[in-house]
Amino acid sequence: MRSGRASSLWLVLAIVVAAAPACRRDSGSGGRTGATPAAPGAAGDGAATAQLPAAAPTPTPRPLPAVSGDIFYRERIALPPDATVQVRVVSLGRPGAARTVVAEQSFAAPRRVPIPFKLECDPQALQPGAAYGLEATISRRGKVEFATIEPVLVLDGGRPTSGLKVLLRRTR
């Protein structure tokens, strides 16, 4: 019985060794790409095997360009419950020209400062070499109470786009 089992193992080993060159020839790169295995009995008999196209590697999604930080003002007053914060990234063109809004966010203002924000910008809306600024306002009943005096430069020449501290000034 023992010799029958040993001869079976030698037979399996011989088949594996004989099939190995055929497998390398069919897969082209050691079986690491999208090649399909040969049909049973087709190894080494010259029969054509179906090949699936190699799948392209899935690209890692790039994070959207983001601008984040805190908005604050110096006055020692709490915001009313109906206050609204608006933060937006705008393109800075020629002085006096209309500014194109690239990203915008509005939300109910918390009662205290600093007020955290994060804006994600559409990469398709950003132009290489263009300058962008962040504008912020706090409004109540449609009237702006606090606002940035000048846009804060962002997404430009390596300037920080996170951890910004944006000072708002009272408008009245």
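A residue is called buried when its relative accessible area is under 20%, exposed when it is over 50%, and partly exposed in between, using a 1.4 Å probe and protein chains only. With that in hand, let's walk through this model. It is a predicted one, so local features need pLDDT of at least 70 and side-chain atom pairs count only at pLDDT 80 or more, while totals for chains, interfaces and linings use all residues. Residues are numbered from 1 along each chain as its sequence is written, and side-chain values use heavy atoms, with hydrogens and water left out.

Start with the overall layout. The protein has one helix and nine strands, where helices (H or I, at least four residues) and strands (E, at least two) are DSSP runs numbered from the N terminus. Reading from that end, the order is α-β-β-β-β-β-β-β-β-β. Of the 172 residues, 24% are buried. The protein exposes about 12100 Å², with carbon and sulfur atoms supplying 57% of it; these areas come from the Shrake-Rupley method with a 1.4 Å probe, and for residues only the protein chains shown count as cover.

Now to the aromatic rings. Rings of Phe, Tyr and Trp (its six-membered ring) pair if their centres lie within 6.5 Å; planes under 30 degrees apart count as stacked, over 60 as edge-to-face and the rest as tilted. This rule gives one aromatic pair. Tyr73 and Phe146 are its members, stacked at 4.3 Å centre to centre with 15° between the planes. Phe146 belongs to strand β6 (residues 143-147), and its partner lies 73 residues away in the chain. Phe146 counts as buried because its relative accessible area is 2%, and Tyr73 does so because its own value is 4%.

Next, look at strands β1 and β4. They pair in the antiparallel sense over six bridges, two strands being paired if DSSP finds at least two bridges between them. Within this pairing, Gly69 stands opposite Phe117 in β4.

Finally, visit Asp70, which sits in strand β1 (residues 66-72). Asp70 counts as buried because its relative accessibility is 17%. Beyond neighbours within four places in sequence, Asp70 has contacts (heavy atoms within 4.5 Å) with residues including Ile115, Pro116, Phe117 and Lys165. The side chains of Asp70 and Lys165 are joined by a polar contact of 2.8 Å. Such a contact is a pair of N or O atoms within 3.5 Å; within protein, one must be able to donate a hydrogen and the other to accept it, and residues adjacent in sequence count only if both atoms are side-chain atoms.
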